[in-house]
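Here's a quick briefing to read alongside the structure. Have a look at the fold and the sequence first, then go through the points below.

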Amino acid sequence: MQSANMHKTLEPWYRQGWPWFLIAVPAASVVAGMVTLWLAVTSWDGLVVDDYYQEGKAIEKTIARSLKAAELGLLADVRLRSDEVTLELSSAANAPLPPTVVLTISHPTRAGMDQVLVLKRRDGVFAAPLAPLSSGRWLLQVEDESHNWRMNGSANIPADSVVRIVPVKS
């Protein structure tokens, strides 16, 4: 019986499965790490701000613009149609209304679908042509061209055809 065991030939290590399995786990980790490193280097992180102090000052100005709209008693009714947007702007404080306003319609997740429209007043109503909007939630921002005041709202398309925007008072 001892002679039967001595004639058995051993296969080289590279023809056995276990060494390859043990090599595959760390090799897959190295490949995943390289892919993660490549993604981190080539992609842009839009949430990181280089100058956070300047960003903070800009946020304070933005809040001040919203408060200015509340101070003027502004109220906007935005009507979204398939090819045109109209805006009725009124002021409880009888403040003079500008000849044009800027309406920014932005999608919360798809920046390529955003529209910035300059609405001109005609017959007491501001109006401009509008490219068709896809279904979903849209963010609306109304401001004057000199950036003194602004108001924010949102619309769910196609459910909301008229959106009332009231400025924040705090």
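This is a predicted model: local features need pLDDT of at least 70, side-chain atom pairs count only at pLDDT 80 or more; totals for chains, interfaces and linings use all residues.

**Around Ser106**
- Ser106 sits in strand β3, which covers residues 100–106.
- Is Ser106 buried or exposed? Its relative accessibility is 17%, and the cut-off for buried is under 20%, so Ser106 counts as buried.

**Around Gly153**
- Gly153 belongs to strand β7, residues 150–157.
- Setting aside neighbours within four places in sequence, Gly153 is in contact with Trp138, Leu139, Leu140 and Ile165.
- Gln141 is twelve residues from Gly153 in sequence, and their C-alpha atoms are 6.4 Å apart.

**Aromatic rings**
- You'll find three aromatic pairs in the structure. One of them joins Trp13 and Tyr14 edge-to-face, with 6.0 Å from centre to centre and 85° between the planes.
- Tyr14 comes out as partly exposed, at 46% relative accessibility.
- Trp13 and Tyr14 also belong to a cluster with Trp20, linked by ring pairs.
- Why is the pair of Trp18 and Phe21 edge-to-face? Their planes are at 90°, and anything over 60 degrees gets that label; the ring centres are 5.7 Å apart.
- Trp18 and Phe21 are both in helix α2 (residues 17–42), and because they are three residues apart there, about one helical turn separates them.
- Trp18 is exposed, with a relative accessible area of 64%, while Phe21 is partly exposed at 49%.

**The whole chain**
- The protein chain has three helices and eight strands. Reading from the N terminus, the order is α-α-α-β-β-β-β-β-β-β-β.
- How does the radius of gyration come out? The protein chain has 31 Å, whereas a compact globule of 170 residues would be near 15 Å.
- Along the principal axes, the C-alpha atoms fill a box of roughly 110 × 40 × 25 Å.
- Buried residues make up 27% of the 170 in the protein chain.
- Among contacts with a separation of 6 or more, 51% come from residues 24 or more positions apart.

Technical notes
Residues are numbered from 1 along each chain as its sequence is written. Side-chain values use heavy atoms; hydrogens and water are left out. Helices (H or I, at least four residues) and strands (E, at least two) are DSSP runs, numbered from the N terminus. Buried means under 20% relative accessible area, exposed over 50%, partly exposed in between (1.4 Å probe, protein chains only). Contact means heavy atoms within 4.5 Å. Rings of Phe, Tyr and Trp (its six-membered ring) pair if their centres lie within 6.5 Å; planes under 30 degrees apart count as stacked, over 60 as edge-to-face and the rest as tilted. The radius of gyration is taken over C-alpha atoms; the globule rule is 2.2 Å times the number of residues to the power 0.38.
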